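Biologist: I am new to this structure. Can you show me how to read it, feature by feature?

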Protein chains: 2
Amino acid sequence: MTNNQNPLFQKIEKIRRRPNKVKDTAITLAHGSGGKAMRDLIDDIFVGSFDNPILSQLEDQATIPLAQLISQGDRLAFTTDSYVVDPLFFPGSNIGELAINGTVNDLAVSGAKPLYLTCSMIMEEGLPVETLRQVVLSMKTAADAAGVKIVTGDTKVVHRGSADKLFINTAGIGVIREGVSISAHQIQPGDAVIINGQLGNHGAAILIARGELALSTDIKSDCQPLNGLVDAILEVCPQIHAMRDATRGGVATVLNEFAQSSDVGIRLDEASIPIREEVNGVCEILGLDPLYLANEGKLVVIVPRSHAESVLSAMKSHPAGEDSCIVGEVIDSPAGVVLLQTAFGAERIVDMLVGDQLPRIC
Amino acid sequence: MTNNQNPLFQKIEKIRRRPNKVKDTAITLAHGSGGKAMRDLIDDIFVGSFDNPILSQLEDQATIPLAQLISQGDRLAFTTDSYVVDPLFFPGSNIGELAINGTVNDLAVSGAKPLYLTCSMIMEEGLPVETLRQVVLSMKTAADAAGVKIVTGDTKVVHRGSADKLFINTAGIGVIREGVSISAHQIQPGDAVIINGQLGNHGAAILIARGELALSTDIKSDCQPLNGLVDAILEVCPQIHAMRDATRGGVATVLNEFAQSSDVGIRLDEASIPIREEVNGVCEILGLDPLYLANEGKLVVIVPRSHAESVLSAMKSHPAGEDSCIVGEVIDSPAGVVLLQTAFGAERIVDMLVGDQLPRIC
């Protein structure tokens with residue numbers, strides 16, 4: 001009997017000829033089993049889309065030469081975020097793009113060049129495979145745009161009703177340039193507060209996408225990578241004091257964290273804060289404050305006053321910062337507090353957010 | 001009017017005196033808002049427990065000097081896993097310890113010294129704060145035992161019914177020792193297959209914890225960190241060919257991945273595979289195969305035959321490898337296939353897992 005006739009070997013040949021393609025139309029529990037279905041899902045949808053030599057090794061961890069990292073700076077930045085935004089697709093962006101840009105931006109605002117990301121998915125049984133493909137494709141497009149690679153990942157599937165459609169976690173590493181030291185703890189009275197454009201577009205876009213308002217507007221999420229803009233800022237002013245992206249909790253939250261960390265006051269000038277009329281309208285209807293609305297492509301920079309104009313001009317020259325403006329200044333006292341000078345000349349406290357305006361905004 | 005009488009400043013003083021303690025008994029949507037409640041949760045439960053200088057900076061990213069990494073090896077290992085195990089607490093371990101050891105082990109089996117972890121939590125509204133405290137405390141204890149630090153994190157809260165209690169993602173980085181090269185692609189005929197003890201205890205413990213069987217046994221999860229055992233292996237044999245921890249999908253899945261990646265066959269000797277009688281019993285009742293049951297403290301090592309005895313002896317001398325044994329060998333053909341020589345002398349194929357034996361096992 002030759003090998004071709006041996007039933008054992010015929011079975012083996014059948015196993016080996018199986019194509020690595022996902023034929024199901026919806027995610028099943030088997031796609032999280034560690035077995036054949038999961039391997040096919042990873043081969044077809046993840047490795048196929050993210051295509052890069054580190055991921056294709058299919059080891060349980062990515063390997064990166066340290067020499068390559070140390071040639072770009074002297075400190076590693078390491079961050080993580082889980083994304084639970086609802087709905088998955090919304091005007092201007094979707095959970096996949098958000099999961100890339102959110103983590104890229106957390107690295108960028110530390111002065112790091114973002115380099116490598118992980119991608120871990122928790123999927124609800126029944127999630128359409130086509131939805132997953134679209135999300136993964138968006139992640140790949142966003143990663144390419146930001147210049148980062150997705151090098152390792154994980155997939156889990158839970159029973160229908162045990163999660164809502166899809167949650168994504170990305171962790172990221174980047175390298176911080178030598179000489180750059182950005183921290184919420186070194187803000188000084190006299191510093192200027194700069195933002196890179198209109199506030200609240202992401203939060204308002206999600207609200208409208210949920211259909212909670214019978215409004216038709218063209219408000220889109222501002223979801224975008226900020227590492228290019230940060231490069232432009234650091235080129236003219238490596239000694240900026242603090243920088244943070246204003247996501248959940250909005251600019252108000254970032255400024256409160258800054259004021260408390262450095263024990264300084266911050267005074268904002270309401271008239272100089274750019275907010276779309278439609279966003280203000282949505283906020284008025286719902287009793288929200290646009291300063292607390294989430295952004296996904298906005299950062300707050302705290303710059304020594306003497307460098308404010310050069311930083312502002314560099315930001316305005318970058319596509320992600322065309323509408324940049326100085327919106328306030330750092331003051332001595334009251335320490336730990338953010339004040340808003342209203343358009344009418346009055347002054348009010350912009351406190352830490354108490355309660356939650358908008359669950360599952362990111 | 002002095003500052004003490006000014007109503008604005010009185011309000012400011014009230015804000016600044018608020019204690020950073022969580023007083024709620026259950027997680028609310030506000031704990032994921034980015035605002036005051038979330039900050040208190042992070043300060044009290046996470047920073048308070050994980051206590052280390054990198055995390056305490058409370059920046060959105062951890063910063064680690066590259067010089068410190070490069071002194072320990074030449075390559076960075078980077079990995080991630082999400083943990084969705086149900087129930088959260090089970091005999092021998094819980095989701096928190098699992099989330100640390102699982103990621104530590106994914107780093108360790110690459111030959112890396114695990115160093116830093118992230119911690120990202122997706123919580124269901126209503127999760128008891130006390131449960132969260134216990135999980136976080138377990139994470140801290142496990143991190144200390146494994147010699148790693150949790151340096152950055154994220155918290156999200158979703159509405160009741162949009163997730164099941166608590167999901168945790170950890171990402172990890174470690175440094176691979178110079179000269180060590182472990183990969184599923186370099187396995188050779190003649191190599192020995194070694195495991196570090198009884199198989200299937202984790203899977204069986206979860207099954208029994210779910211109460212799906214009216215059984216009372218003392219089976220406990222084998223959840224443990226493997227980095228110490230890996231150190232012991234690499235000390236006697238830096239040139240081991242492949243190593244992987246046998247979690248979801250069990251030893252059968254790891255060996256299939258190995259056979260396919262290196263295009264070799266693997267023959268297991270059933271009589272030499274250590275499985276507890278009670279685990280075999282649970283498998284017989286449910287029609288499961290213990291080779292596919294999940295482990296959370298077991299690894300498969302593929303070693304050049306000439307080093308098999310010295311590696312085995314080093315493993316047996318380590319507390320995490322007392323029951324280590326050689327369970328099979330790598331063969332030329334049939335390539336890509338795992339065979340099991342049964343106790344009765346017959347031979348059967350141990351295929352990739354098709355379908356899912358046990359959802360939410362890790």
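Modeller: Start with a definition. A salt bridge is a side-chain nitrogen of Lys or Arg within 4 Å of a carboxyl oxygen of Asp or Glu. Keep in mind that this is a predicted model. Take D74(B) and R75(B): their side chains meet in a salt bridge, 3.0 Å from N to O.

Biologist: Is R75(B) buried or exposed?

Modeller: Buried means under 20% relative accessible area. R75(B) has 19%, so it counts as buried.

Biologist: What does D74(A) pair with in chain A?

Modeller: D74(A) forms a salt bridge with R75(A). The closest N and O atoms are 3.0 Å apart. D74(A) is partly exposed, at 29% relative accessible area.

Biologist: How many salt bridges does the whole structure hold?

Modeller: A search over all chains finds 44. Between chain B and chain A the count is eight.

Biologist: Which residue does K156(B) meet in a salt bridge?

Modeller: K156(B) meets D81(A), at 3.7 Å from N to O. K156(B) lies in strand β6 of chain B and D81(A) in strand β2 of chain A, so the pair joins two chains. Now apply the burial cut-off. K156(B) is buried, at 3% relative accessibility. D81(A) is buried too, with a relative accessible area of 13%. Next, look at K156(A). It forms a salt bridge with D81(B), and the closest N and O atoms are 3.7 Å apart.

Biologist: Which residues are linked in a network of salt bridges?

Modeller: R39(A), E59(A), R244(B) and E257(B) are linked in this way.

Biologist: Now the interface. How many residues of chain B are in contact with chain A?

Modeller: Contact means heavy atoms within 4.5 Å. By that rule, 96 residues of chain B touch 96 residues of chain A. The two chains bury about 7400 Å² between them. Carbon and sulfur atoms carry 61% of that area.

Biologist: Which three residues supply more of the area that chain B buries than any other three?

Modeller: They are L66(B), F78(B) and R248(B), which supply 11% of the area that chain B buries against chain A.

Biologist: Where is R248(B) found?

Modeller: R248(B) sits in the loop between β9 and α9 of chain B. It is buried, with a relative accessible area of 13%. Its side chain reaches the backbone oxygen of G32(A) at 2.8 Å. Beyond its sequence neighbours within four places, R248(B) has contacts in both chains, including S33(A), M38(A), D154(A), K156(A), T253(B) and I361(B). Across the interface, the rule finds 40 residue pairs in polar contact.

Biologist: Where does C237(B) lie?

Modeller: C237(B) lies in the loop between α8 and β9 of chain B. It is buried, at 0% relative accessible area. Leaving aside neighbours within four places in sequence, C237(B) is in contact with V303(B), H307(B) and V311(B). Compare a C-alpha distance. C237(B) and A343(B) are 106 residues apart along the chain, and their C-alpha atoms are separated by 31 Å.

Biologist: Last, the surface. Which residues make a nonpolar patch?

Modeller: L215(A), I285(A) and L286(A) make one of about 250 Å². L286(A) lies in helix α10 of chain A, residues 277-286. With a relative accessible area of 36%, L286(A) is partly exposed.

Key:
Residues are numbered from 1 along each chain as its sequence is written. Chains are lettered from A and ligands numbered from 1 in the order in which they are written. This is a predicted model: local features need pLDDT of at least 70, side-chain atom pairs count only at pLDDT 80 or more; totals for chains, interfaces and linings use all residues. Side-chain values use heavy atoms; hydrogens and water are left out. Patches are made of residues with over 30% relative accessible area and no salt bridge: like charges are joined within 9 Å, nonpolar side chains (Val, Leu, Ile, Met, Phe, Trp, Tyr) within 5 Å. Accessible areas come from the Shrake-Rupley method with a 1.4 Å probe; for residues, only the protein chains shown count as cover. Helices (H or I, at least four residues) and strands (E, at least two) are DSSP runs, numbered from the N terminus. Buried means under 20% relative accessible area, exposed over 50%, partly exposed in between (1.4 Å probe, protein chains only). Buried area is the accessible area (1.4 Å probe) that two parts lose on being put together, summed over both. A polar contact is a pair of N or O atoms within 3.5 Å; within protein, one must be able to donate a hydrogen and the other to accept it, and residues adjacent in sequence count only if both atoms are side-chain atoms.
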